[in-house]
Amino acid sequence: MVPELEKATVRIRQPERVRGIIQALRERGVARLQVISDFDMTLSRFGCNGRRCPTSHNILDTSRVISEDGKKKLKDLLHYYYPIEIDPNRTLEEKRPLMVEWWTKAHELLVQQKIHKSDIAQIVRESEAMLRDGFKEFFDQLHKNNVPLFIFSAGVGDILEEIIRQANVFYSNVNVVSNYMGFSDDGVLTHFKGPLIHTYNKNNTVLQGTGYFQQLSTRTSIILLGDSMGDLTMADGVPSVENILKIGFLNDKVEERRRKYLDSYDIVLESDETLDVVNGILRYILTQT
């Protein structure tokens, strides 16, 4: 069916079940399909040449528009809260308020920096942001077949949109829900627009009022792409899911987190910086028999 599933980076707990879901997605047809994806470390790369690639927050945090003091404070927040975010031994109930705390503090620090809207394109151009290998085929296939791509991100919407725009793949079928900056009349960052989206509230609570999934009520076949436990709830706003295939990128602390990912995602991709598997599955589903 999908030769890419034989890659060494692929782990699947229930191969028969996964084959069944992929087959069902194909049989239901293109008109039923939508893709729901996280952005940072899912569509963008986790690392390159042994170095971490920046998330949309990191791109801003380490850019020339942030003062040295601001950079240090943002880094301190990362070192304190990131281990909490990925700690397999803490419950989501414990993590949620701490994530709100982290995002709120980080956004307040960014607002203090008086960032100009006109700087964003340049900040992204100067950054080391990279989309995963195979991104062009991924975006192109979905666009060509009119498959909606919903990007649900706890990152900074303005930055990630610019990354996609500069990669020349920001097509009309792409819709983003994320943390967007609010600017004054003269283009200076004054606040972040609500609701706040962090790693562990990517669900209906922050989608109320967008009506996005209601418009797509016939799109009952879903491919979900994520890299954290928090991404598993991204399809919760879809009215009636018939078939859902959950693909998880396990980028970091692989041994420690493998079991949890295999219990939660249908397909787990370990330290795989490509979209090969996703593209292979899409090719199979979108090929009209």
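Visitor: Before we start, what counts as a helix or a strand here?
Guide: Both are DSSP runs, numbered from the N terminus: helices (H or I) have at least four residues, and strands (E) at least two. Keep in mind that this is a predicted model.

Visitor: Okay, where does Lys 253 sit?
Guide: Lys 253 is in the loop between β10 and α10. Its phi is near 50°, which is a positive value in a residue other than glycine.

Visitor: Next up, α10. Which of its residues are buried?
Guide: Helix α10 covers residues 254–264, and Val 254, Arg 257, Arg 258, Tyr 261 and Leu 262 are buried in it. They sit on the same side of α10, because they cover an arc of only 145° around the axis.

Visitor: What's on the other side of α10?
Guide: Over there, Arg 259 and Asp 263 are exposed.

Visitor: What do the buried ones pack against?
Guide: The buried residues of α10 pack against β1 (10–11), β10 (243–250) and β11 (267–270).

Visitor: How are the strands arranged in the sheet?
Guide: There is an open sheet of seven strands with mixed pairing, and the order is β1-β11-β10-β9-β2-β5-β6. The edge strands, β1 and β6 (174–179), each pair on one side only.

Visitor: In what sense do β5 and β6 pair?
Guide: In the parallel sense, over five bridges; β5 is residues 149–156. If you want a spot to look at, Leu 149 stands opposite Val 174 in β6.

Visitor: Which residues of α6 itself are buried?
Guide: Phe 138, Phe 139, Gln 141 and Leu 142 are the buried residues of α6. Looking down the axis of α6, you find them within an arc of 160°, so they line one face of the helix.

Visitor: What does that face pack against?
Guide: The buried residues of α6 pack against several elements, including the strands β2 (33–37), β5, β6 and β9 (221–226). Helices α7 (157–166) and α11 (276–286) are also among the partners.

Visitor: Changing topic: which peptide bond is cis?
Guide: The one from Gly 194 to Pro 195, with omega near -10°. Most peptide bonds are trans. Pro 195 lies in the loop between β8 (189–192) and α8 (204–207).

Visitor: Which residues line the largest cavity?
Guide: Leu 92, Arg 96, Thr 199, Tyr 200, Asn 201, Asn 203, Met 229, Gly 230 and Thr 233. By type, the lining has three nonpolar residues, five polar and one charged.

Terms used. Residues are numbered from 1 along each chain as its sequence is written. This is a predicted model: local features need pLDDT of at least 70, side-chain atom pairs count only at pLDDT 80 or more; totals for chains, interfaces and linings use all residues. Side-chain values use heavy atoms; hydrogens and water are left out. Buried means under 20% relative accessible area, exposed over 50%, partly exposed in between (1.4 Å probe, protein chains only). The arc is that of the directions from the helix axis to the C-beta atoms. Contact means heavy atoms within 4.5 Å. On a 1 Å grid over the protein atoms alone, a cavity is a set of points where a 1.4 Å probe fits but cannot get out, and a pocket is an open set with protein on both sides within 12 Å along at least five of seven lines; lining residues have an atom within 4 Å of a point. Ala, Val, Leu, Ile, Met, Phe, Trp, Tyr, Cys and Pro count as nonpolar, Asp, Glu, Lys and Arg as charged, and the others, Gly among them, as polar. Two strands pair if DSSP finds at least two bridges between them.
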